[in-house]
Amino acid sequence: MTRPGFVHQALSYATDDGFVAGTADFVRDGLAADDAVLAVVAGHNIALLRDALGSAARDVEFFDAVDWYHYPSRTLGRYHAYCTARDEGGARRVRVIGEPVWTGRTAAETREWIRYESVVNAAFADSGHWIICPYDARVLPADVLDTVGRTHPEVASGAAAPDVRGPYADPADFYAERSELDRVSPAPLAASGAPRTVAFTRGDSVAARLAVAEYARRCGMAEDRARDMIAAVHEAVVNAVRFGGGRGVLRVFNDSDWVVCEVADAGGGGAAPAVRDTGFLGRVPPDPHAPKGHGLWVVRQLCDLVTEDFGAGGSVLRLHFRR
């Protein structure tokens, strides 16, 4: 079966047979239509799907989900690059079975992955690709299953389970909804010791970079990750100066899991921009030829987790790096 436009479906399954029933025909139909087919799923599901497809499996690219789903924006960037390389200028559809990894996530990470599933709708809205996202109802927590219908416009035909709930929310509305939840009930982070605090102003970001470099050394971070942290903080500081009134404060602290660089500003005045006008705050891949709009996307590619609170009265961007 072929369909025009972008399609994003949820597949809720509670048995191995349910997973195969919801994915094998999707793959076969794609191969028959000469679509590129990518399956990024749990390791045991790779084996199940290969067995069901038989010789047709050789025409599918398989990846274990744990090797793909590291951080939402990097994962989205990888999917975007994959699809761009294979869609032949929009003439070829890419079919994806993408099964996010939910186990072993902190509360903050789970919130970001939930938001990611909604942002996918905005990132690929103008494409002709087709994505099915499997959800294993046997093991996933209720807070994840409760959002499946909100982040996916459709449920894969014949595979619905009672755990898929809605109604579907427009990505911008869902983003605002989740941001309000983050303000009201922020994910906990237990800082260890007093933070390193550095004020910065326009044209003077050197002190912030030096403070981050020193803190990374004291925390024993690997050299390549320290470079990423310095680069991400530089981009965040430049963004804060440009849009946050020309000055701000950097705070660096850590807990047992993360080193966190918090960049805060006092706001640039005026009303806060709509989510749709901000590129979903750097979560959607920017046009590579656009003269601006790349800074927050770069920040999200360098970090392991980014949380934010943006508003006209001031913004706080927290860049998380795993210890």
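The model is a predicted one, in which local features need pLDDT of at least 70 and side-chain atom pairs count only at pLDDT 80 or more, while totals for chains, interfaces and linings use all residues. Residues are numbered from 1 along each chain as its sequence is written, and side-chain values use heavy atoms, with hydrogens and water left out.

A pair of aromatic rings is described by the distance of the centres and the angle of the planes. Here the rings of Phe, Tyr and Trp (for Trp, its six-membered ring) pair if their centres lie within 6.5 Å, and planes under 30 degrees apart count as stacked, those over 60 as edge-to-face and the rest as tilted. By this rule the structure holds 11 aromatic pairs. One of them joins Y69 and W113, a tilted pair with 5.5 Å from centre to centre and 55 degrees between the planes. This pair links distant parts of the chain, since Y69 belongs to the loop between β3 and α3 whereas W113 belongs to helix α4, 44 residues apart. Helices (H or I, at least four residues) and strands (E, at least two) are DSSP runs, numbered from the N terminus.

W113 also meets Y116: their ring centres are 5.1 Å apart and their planes stand at 75 degrees, so this pair is edge-to-face. Because W113 and Y116 are 3 residues apart in helix α4, about one helical turn separates them. A residue is called buried when its relative accessible area is under 20%, exposed when it is over 50%, and partly exposed in between (1.4 Å probe, protein chains only). Y69 counts as buried because its relative accessibility is 3%, and W113 counts as buried because its value is 1%; Y116 is buried as well.

R86 lies over the face of Y82, at 3.6 Å from the ring centre, and the charged end of R115 sits over the ring of Y175, 5.1 Å from its centre.

Next come the empty spaces. Rolling a probe the size of a water molecule over the atoms shows where empty space is left. On a 1 Å grid over the protein atoms alone, a cavity is a set of points where a 1.4 Å probe fits but cannot get out, whereas a pocket is an open set with protein on both sides within 12 Å along at least five of seven lines, and lining residues have an atom within 4 Å of a point. Grid points are joined across faces, edges and corners, and a volume is the space filled by probe spheres set on the points.

The structure holds 2 cavities of 30 Å³ or more. The largest cavity has a volume of about 70 Å³, and among its 13 lining residues Y69, Y79, Y116, V120 and I131 lie nearest its centre. At least two lining residues come from each of α3 (72-86), β4 (94-98), α4 (107-123) and β5 (130-136), with α4 giving the most, 3 residues. The second largest cavity holds about 60 Å³ of space, and its lining includes Y71, P72, Y116 and R283.

The second largest pocket contains about 310 Å³ of space. Of the 15 residues that line this pocket, H80, A123, F124, D126 and S127 are the closest to its centre, and α3 gives the most to the lining, with 3 residues.

Strands of a sheet pair through backbone hydrogen bonds, either parallel or antiparallel. Two strands pair if DSSP finds at least two bridges between them. In this model 6 strands form an open sheet with parallel pairing, in the order β3-β2-β4-β5-β1-β6, and its edge strands, β3 (61-64) and β6 (154-155), each pair on one side only. Strand β2 (residues 36-41) pairs with β3 over 4 bridges in the parallel sense, and V41 stands opposite D64 in β3.

Elsewhere, β10 and strand β11 (residues 315-322) pair in the antiparallel sense over 5 bridges, with L305 opposite H320 in β11. Strand β10 (residues 305-309) is largely enclosed by the rest of the structure, because 4 of its 5 residues are buried.

How values were computed. Lys NZ or Arg CZ within 6 Å of the ring centre and 35° of its normal.
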